[in-house]
Amino acid sequence: MQHLPVRNAFEGAPVYYLSETDSTMDDARALLRGDAASGTVVVADYQRRGRGRFSHRAWTASPGENLLFTAALAEDRVPRPTTQLPLIAGLAVARSLESRFGLRPRLKWPNDVLLESGKVAGVLCQGIPGWFLVGIGVNCNQEQFPADLVGSATSLSRTLLRLVDRFALLETILGHFATALTDPDRRPAVEARLWRMGERVTVVPGEREAGEGVSGTVLGIGEAGELRLATEDGERRVYAGEVL
Ligand code: BTN
């Protein structure tokens, strides 16, 4: 694996680059068999089998156009409860799009970053013994999307009408991510950017959850990153699922 000369806010942990791979999640996991530094990153130009949060949803991205990476965090660097991690990563992406491009992204609970025209980034977190893998895909310079994503996905270049430097964005995201992991005010920061905050939504179970959908008004986020809803029967806290 080649070293990518980008600044990594995680105390000089390496950033590795691959032109093509199956999934950076697998590459990061393989690296951890050796003696890896917390904050080690694997970034790829193209993934043959990029994974999304749901097993039926692959993460497809055209070669060389998007930012696709996985950061490996040692377990003791992740705040408790660790279930907040996807929102912390999403917050880092949102702040980066704000500071670099002046955009106003929203965080769609639990793991998407939205612009007005659609989803621009997604986060996939995976715990393995001793580590957490945080996979982030940001649609940067992709102009065309497959038929099933037209209307729901967008990219930075479509929004800004210019190309963006993917690896400069990576540096910014790593900086905001390292900061957000220890930021005591990150919960209000997430809520300030929460999609549908104060509005009525329905949350349907994700593929691994059983049960009925829950409808209510979004009150905010709990300590574990759960969604707080005001329902007819009082407050409900939802730990997994998808907001409609
Ligand atoms: C989602 O929105 O469902 C999560 C998408 C996460 C995609 C990223 S791209 C880099 C990393 N490698 C993968 O295979 N998936 C994540």
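Trainee: Which residues come nearest to the ligand?
Mentor: This is a predicted model: local features need pLDDT of at least 70, side-chain atom pairs count only at pLDDT 80 or more, and totals for chains, interfaces and linings use all residues. Residues are numbered from 1 along each chain as its sequence is written, and side-chain values use heavy atoms, leaving out hydrogens and water. Near means a heavy atom within 4 Å. Of the 21 residues around the ligand, the nearest are Ser 23, Gln 47, Arg 51, Arg 53 and Lys 119.

Trainee: How far is an N or O atom in the Lys 119 side chain from an oxygen atom of the ligand?
Mentor: Ser 23 has an N or O atom 2.7 Å from a ligand oxygen. A polar atom of Gln 47 sits 2.8 Å from a ligand nitrogen. For Lys 119 and a ligand oxygen, the distance is 2.5 Å.

Trainee: How much of the ligand's accessible area does the protein cover?
Mentor: Accessible area is Shrake-Rupley, with a 1.4 Å probe. The ligand on its own has 420 Å², and the protein's cover is 99%.

Trainee: Which element gives the most to the shell around the ligand?
Mentor: Elements are DSSP runs: helices of at least four residues, strands of at least two. Those giving two or more residues are H1 (24–31), E4 (67–74), E7 (118–128) and E8 (131–138). With four residues, the top contributor is E7.

Trainee: What order do the strands of the open sheet take?
Mentor: Strands pair if DSSP finds at least two bridges between them. E7 and E8 pair antiparallel over eight bridges. The eight-strand sheet has mixed pairing and the order E1-E2-E3-E4-E8-E7-E6-E5.

Definitions and conventions: Polar contact = N/O pair within 3.5 Å; in protein donor to acceptor, adjacent residues only side chain to side chain.
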